[in-house]
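Biologist: Hi! Could you walk me through this model, helix by helix where you can?
Modeller: Happy to, let's have it on screen.

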Amino acid sequence: MKLIGEILKETCSLSEDLLSDALKEQEEKGGRWGEILVRSGAITEEDLLKALSAQFGMPYVKTLPRDIREEDDYIKTVPIQYLKRNKICPIGGPGEARVALNDPLLFQPVDDLRIILGLDRIEPVLTTNAEILSAINRAYDLSKDSPEQFVHDMDEEDSDSIISEIEETADLLDDTSDAPIIKLVNLTLSQAVKAHASDIHIEPYQTELQIRYRVDGILYNKLSLPKRIQSTLISRIKIMAKLNIAEKRLPQDGRIEIKIAAKNIDIRVSTIPTTFGERLVLRLLDKAGMILDMEEVGLVKENLRTLKHIITAPHGILLVTGPTGSGKTTTLYAALSTLNNPDINIMTIEDPVEYQIDGISQIQVNPKIDLTFARGLRSIVRQDPDVILVGEIRDTETAQIAVQSSLTGHLVFSTLHTNDAASAVTRLIDMGIEPFLITSSVIAIVAQRLVRVICDQCKEGYVPPDESLQNLDIDGWEMLRGNTLYRGKGCDSCLNTGYRGRVGIFEVMMMNEDLKTLILRTSDAGLIKKEAALHGMATLARDGVQKVLEGITTLEEVIRVTR
């Protein structure tokens, strides 16, 4: 058998120095030679596996099968913990007996697996750790279970003992509890994560309990459950969120931290009493969610250039406006990540802290101990910050402190709930901020919405008739005349919606001298918007029409979010 070092030297062109350094580390600290080279960055895991494939005569596969078939019945007999611990996973269809592994020397676990599955022989193949864990999680995903079966299995008389089982496992997919209500809640959460849902709505009605998921901003009916399990299901979720299950008359807020298929998910739970019982909304936040770059949020080149210039200002206020769930915080995080470097002190106060960013000090609002936006912001200013992010300007006090902070040499980012950029000025004046302070402190206002992106798998082109375009009451419709537009037909990849994912549309209103003069005279949002348009501001609708022309979204989506 050829030595692994010789194979790696040939396939990866490793120098003698690297090989001798790895050998020296092996002698001092132990461990395997190949793994030491991977850790040092000299080779990749794939390089090592290809070399081991040549050494042991085992096939190397880059990706494992994505589909989970009915014949993959090993999930009923092999504990998921056993596979994860040994990093092995059975693969293959009928007539095949193969196992994916990362270490060709795992003879004993593979042989044990062969005996458990009742096979005469089993063929090992090599693949990466990540691919094995992904295949295990896909196979053991609770989506193969039926919600109706869990409901059928539930025994109302035993509900108290079921509710008391509140110990959580490290990963929901590892949960081996037999209690149907626990399985049902786990299933609801895991399927929501799998569908990339942002919210789960649990709504009680007179004769049923309705569960809906919000995916890409749109609510979809998911489950209709019998009324009799309402109390047990809601109690289970309230216990997970550490809420008072005896209090059903007052609204409550809590939080659940779970892991699903190695993804850390933070869930904010809100309950409110209704006529037919407590209504729950669960907001799902992926803690490992990627912070987008400014290039990725959907800004056109001109707006991107403008915003990049704005965020390098030494002081002033940048406001991002829009309704709840329009991506305001994501845009501001993208700006912060662009600025984030060791020579700048960036501090934030948020409710809640949605994403953790290394190098930035983030404060969580806590009304229970009177840590409000205003109080936190007043303390942040004494921490010598260069850039401050205020999650939301909700009241006059917060607005006043934000303005004063910007006037004393700080760059302040914040959000407001208004319909467009011009309305933000009206809102600030309504809060009691003097117009001369607004013109002195605010450097730009960005309004944004999220539109759904056409699914790449079922995208098709069409040319709309001129008559239908002429009837549109939307800014920029004339740009569409005679052009090919796109839409999604609907496929399995996009859950037959024709859309997959979302992107922002923006209007960026820069504060120039003419606008400042107008704001000192009037707070009329319509006049302010007209003046900004004269200076080249593209409205939300016009930016949306541009994205329709580029084949990113549909005309219907732009009309839906801008009307």
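Modeller: Let's start with a pair: helix α16 (residues 421-430) and helix α20 (residues 525-534) pack at an angle of about 140°, their axes being 8 Å apart. Axes are lines fitted to C-alpha atoms, for helices over the stretch in contact, and angles run from 0 to 180 degrees between N-to-C directions.

Biologist: What do you call the way α16 and α20 lie to each other?
Modeller: α16 and α20 are oblique to each other. Angles under 35 degrees count as roughly parallel, over 145 as roughly antiparallel, 65 to 115 as roughly perpendicular, and the rest as oblique. α16 passes α20 in a right-handed crossing. For handedness, a crossing is left-handed if the near helix is turned anticlockwise from the far one by less than a right angle, and right-handed if clockwise.

Biologist: And which residues make the contact?
Modeller: From α16 there are A422, S423, V425 and T426, and from α20 there are A525, I528 and K529; contact means heavy atoms within 4.5 Å. By class, this contact has four nonpolar, two polar and one charged residues. Ala, Val, Leu, Ile, Met, Phe, Trp, Tyr, Cys and Pro count as nonpolar, Asp, Glu, Lys and Arg as charged, and the others, Gly among them, as polar.

Biologist: Before we go on, where does the model come from?
Modeller: It's a predicted model: local features need pLDDT of at least 70, side-chain atom pairs count only at pLDDT 80 or more, and totals for chains, interfaces and linings use all residues. Residues are numbered from 1 along each chain as its sequence is written, and side-chain values use heavy atoms, with hydrogens and water left out.

Biologist: How many helices and strands are there?
Modeller: The chain has 22 helices and 18 strands. Helices (H or I, at least four residues) and strands (E, at least two) are DSSP runs, numbered from the N terminus.

Biologist: OK, back to packing. What about α1 and α4?
Modeller: Helix α1 (residues 4-12) and helix α4 (residues 45-56) pack at about 125°, with axes 9 Å apart. That makes α1 oblique to α4, and α1 passes α4 in a right-handed crossing. I4, I7, L8 and C12 in α1 meet D47, L48, A51, L52, A54 and Q55 in α4. The residues of that contact divide into eight nonpolar, one polar and one charged.

Biologist: Switching topic: which residues of α12 are buried?
Modeller: In helix α12 (residues 301-310), N303, L304, L307 and I310 are buried. Buried means under 20% relative accessible area, exposed over 50%, and partly exposed in between (1.4 Å probe, protein chains only).

Biologist: Why are they on the same side of α12?
Modeller: They cover an arc of only 125° around the axis, which puts them on the same side of α12. The arc is that of the directions from the helix axis to the C-beta atoms. K301, E302, R305 and H309 are exposed on the other side of α12. The buried residues pack against β10 (316-321), β15 (442-454) and β18 (499-510).

Biologist: Is D216 buried or exposed?
Modeller: D216 counts as buried, at 18% relative accessibility.

Biologist: And K242, what's its phi?
Modeller: Near 60°, again positive in a residue other than glycine. K242 is in the loop between α11 (230-240) and β7 (252-260), and K242 is exposed, with a relative accessible area of 75%.
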